[in-house]
Amino acid sequence: MSSHTMEVIARIRTDFPDKFGIPRQSGLVETLEADIVFEPAYRNADALRGLEEYSHIWLIWQFSRSVREGDWSPTVRPPRLGGNTRMGVFATRSPFRPNPIGLSCVRLKKVVLSGPDGPRLRVCGADLMDGTPIYDIKPYLPYADAHPEAVGGFAREDAGETLQVEFPSELLSRILPAKQQGLLGVLARDPRPAYQNKPERVYRMSFAGMDVHFRVEDGVLRVCDVTEQNKPNE
């Protein structure tokens, strides 16, 4: 029997250089746009023929920042349960898995065939960090993939809190206009870890080349500064 090594076929370009702030699941913030750029060996328009007829696609990707060497743990502590309750790793979507593989459903906005890095895909609602390796892309099939009657276990309901966002216009103007709605959507979903609630703390989230500083108190997220993104070794 022949064996085949998994190969990275593409990488995603998003506005998140770090894990902090990335939506907890795909599809939660539809105003976020990203580009899937294929590796040179897979830049073949024929491989995308017919994909434009689908509204959504599945991405199979690697938790590249969560790869661990050695033994794996059969249980993890999901943040939505306060970080204290252990659940079986296969009952969660934790990045710390025997094989660090992720699965996301995103909306396909456009297939771009031309350009120096074409063909590429423009997608909406991704929950991936910038540069994440992608192993495969498959079309979403509504008749087979949608199960409205499904039961979601301890994650049966969306636990993301919707916050009121106060973002002074002079600070919001420091964000590129095309990126503003995506950022507002992320902030409204409360990017803090589920078990953190310190109103005196100033959080910093890197987004689209800028650092967004904010506090959260009484259900209101207040942006207090927007600065150029911190660079390594500076």
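## The hairpin of β10 and β11

Strands β10 and β11 form a hairpin that leaves two residues between them, and Ala 208, in the turn, has a positive phi of about 50 degrees. Strands here, like helices, are DSSP runs numbered from the N terminus, a strand (E) needing at least two residues and a helix (H or I) at least four. The model is a predicted one, in which local features need pLDDT of at least 70 and side-chain atom pairs count only at pLDDT 80 or more, while totals for chains, interfaces and linings use all residues. Residues are numbered from 1 along each chain as its sequence is written, and side-chain values use heavy atoms, with hydrogens and water left out.

Strand β10 covers residues 203-207 and runs antiparallel to β11, the two being joined by five bridges; two strands are said to pair if DSSP finds at least two bridges between them. Within this pairing, Phe 207 stands opposite Met 210 of β11.

## Strand β11 and its other neighbour

On to the next pairing: β11 is also joined to strand β12 (residues 220-228), again in an antiparallel arrangement, by eight bridges. Val 212 has Val 226 in β12 as its bridge partner. The hairpin of β11 and β12 likewise has two residues between the strands, and Asp 218 there takes a positive phi near 55 degrees.

How many of the eight residues of strand β11 are buried? Six of them are, so this strand, residues 210-217, is largely enclosed by the rest of the structure. A residue is called buried under 20% relative accessible area, exposed over 50%, and partly exposed in between, as judged with a 1.4 Å probe and protein chains only.

The segment after β12 contains Gln 229, which counts as buried at 17% relative accessibility. Leaving aside residues up to four places away in sequence, Gln 229 touches Pro 17, Ser 206, Gly 209, Met 210 and Asp 211, where contact means heavy atoms within 4.5 Å.

## Salt bridges around Asp 35

The structure holds 15 salt bridges, each being a side-chain nitrogen of Lys or Arg within 4 Å of a carboxyl oxygen of Asp or Glu. One of them joins the side chains of Asp 35 and Arg 120, with 3.1 Å from N to O. Asp 35 lies in strand β2 (residues 33-38) and Arg 120 in strand β7 (residues 120-124), so this pair ties together parts that are 85 residues apart in sequence. Both Asp 35 and Arg 120 are buried.

Asp 35 also forms a salt bridge with Arg 122, whose closest N and O atoms are 2.5 Å apart. This pair, too, links distant parts of the chain, with Asp 35 in strand β2 and Arg 122 in strand β7, 87 residues apart. Asp 35 has a relative accessible area of 13% and is buried, whereas Arg 122, at 25%, is partly exposed. A network of salt bridges links Arg 13, Glu 33, Asp 35, Lys 109, Asp 117, Arg 120 and Arg 122.

Another salt bridge connects Lys 138 with Asp 136, the closest N and O atoms being 3.2 Å apart. Lys 138 is partly exposed, with a relative accessible area of 41%, and Asp 136 is partly exposed as well, at 27%.

## Cysteines

A disulfide is a covalent bond between the sulfur atoms of two cysteines; for the search, the sulfur atoms must lie within 2.5 Å. A search of the whole structure finds zero disulfides. Cys 105 is in no disulfide, and the nearest cysteine sulfur, that of Cys 124, is 12 Å away. Cys 105 counts as buried at 17% relative accessibility, and Cys 124 counts as buried at 1%.

## The protein as a whole

The secondary structure comes to three helices and twelve strands. Along its principal axes, the C-alpha trace spans about 60 × 45 × 45 Å. The radius of gyration is 19 Å, which agrees with the value near 17 Å that a compact globule of 234 residues would have; the radius is taken over C-alpha atoms, and the globule rule is 2.2 Å times the number of residues to the power 0.38.

Buried residues make up 38% of the 234 residues. Among contacts with a separation of 6 or more, 67% are between residues 24 or more positions apart.
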